[in-house]
Amino acid sequence: MYDLVFSFVVDFCHARKCYLRNVFIDICRIVIELYSKKFFKETFYEYLLELHTDSVPNIRLSLCSILPDLKRLLILPTDRGLLQQLDACVRKLLVSEKDRDVSDGIQSAVEELDKIHIPMQSVSHQNTKQLQRETVVDV
């Protein structure tokens with residue numbers, strides 16, 4: 001399964017043609033809707049954020065529009081690292097973006113991101129997960 005996903009990422013996210021990278025963003029939107037949050041976060045999240053350095057402004061602009069969806073996937077404290085990566089991506093776009101449309105897009109995304117509340121995982125759920133991990137390690 002992961003070989004297929006890796007192949008998909010190489011063929012689309014890291015493609016030389018910008019339309020294939022844009023297709024990658026569109027497919028990520030579909031995966032977010034149809035598959036589990038965990039699956040998306042484990043397989044696509046970080047690759048998608050890499051596109052903030054894409055040389056084509058329209059790719060960066062498309063990325064801006066999906067950033068709020070990425071934040072909605074997160075649950076603290078489990079996803080603290082992913083939140084930090086998202087924040088770093090947004091900061092880099094805010095500071096270094098030269099294209100006017102992308103600058104407007106990241107500003108709109110920031111306004112929406114600020115409105116999104118990230119739920120906290122319950123302590124009992126965290127303890128249950130920790131016990132499950134310890135049990136797997138002990139076996």
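**Burial and overall make-up**

I looked up burial to begin with: of the 139 residues of the protein, 37% count as buried, where buried means under 20% relative accessible area, exposed over 50% and partly exposed in between, with a 1.4 Å probe and protein chains only. I am working with a predicted model, in which local features need pLDDT of at least 70, side-chain atom pairs count only at pLDDT 80 or more, and totals for chains, interfaces and linings use all residues. My residue numbers start from 1 along each chain as its sequence is written, and side-chain values use heavy atoms, with hydrogens and water left out.

Next I checked the secondary structure and found eight helices and zero strands. Helices (H or I, at least four residues) and strands (E, at least two) are DSSP runs, numbered from the N terminus. I also looked at contacts, meaning heavy atoms within 4.5 Å. Among contacts with a separation of 6 or more, 66% come from residues 24 or more positions apart.

**Aromatic rings**

I searched the whole structure for aromatic pairs and got seven. Rings of Phe, Tyr and Trp (its six-membered ring) pair if their centres lie within 6.5 Å; planes under 30 degrees apart count as stacked, over 60 as edge-to-face and the rest as tilted. I noted Phe8 and Phe44 as an edge-to-face pair, 5.9 Å centre to centre with 85° between the planes. Phe8 sits in helix α1 (residues 2-13) and Phe44 in the loop between α3 (37-43) and α4 (45-50), so this pair ties together parts that are 36 residues apart in sequence. Phe8 is buried at a relative accessible area of 18%, and Phe44 is buried at 5%.

I then turned to Phe24 and Phe44: their ring centres are 6.1 Å apart and their planes are at 55°, so I logged the pair as tilted. Phe24 belongs to helix α2 (residues 18-34), and Phe44 to the loop between α3 and α4, 20 residues apart. Ring pairs join Phe8, Phe12, Phe24, Tyr35, Phe39, Phe40 and Phe44 into a cluster.

**The core**

Which residues have the most contacts inside the largest nonpolar core? I found Phe24, Phe40, Phe44, Tyr45, Leu48, Leu67 and Leu70, in a core of 38 residues. A nonpolar core is a set of buried Ala, Val, Leu, Ile, Met, Phe, Trp, Tyr and Cys residues joined through side-chain atoms within 4.5 Å. I listed the elements that give two or more residues to this core: α1, α2, α3, α4, α5 (57-72), α6 (80-96) and α7 (100-115). Leaving out residues up to four places away in sequence, I see Phe24 touching partners that include Val9, Cys13, Tyr47 and Leu51.

**α5 against α6**

I checked how α5 and α6 pack and got an angle of about 145°, with axes 11 Å apart. Axes are lines fitted to C-alpha atoms, for helices over the stretch in contact, and angles run from 0 to 180 degrees between N-to-C directions. On the α5 side I listed Arg60, Leu63, Cys64, Leu67 and Lys71, which meet Leu86, Cys89, Val90 and Leu93 in α6.

I looked at Arg60, which is in helix α5. Buried or exposed? Arg60 is buried, with a relative accessible area of 10%. Not counting residues up to four places away in sequence, its partners include Asp54, Glu97 and Asp99.

Last, I noted a cis peptide bond between Leu76 and Pro77, with omega about 0°. Pro77 lies in the loop between α5 and α6.
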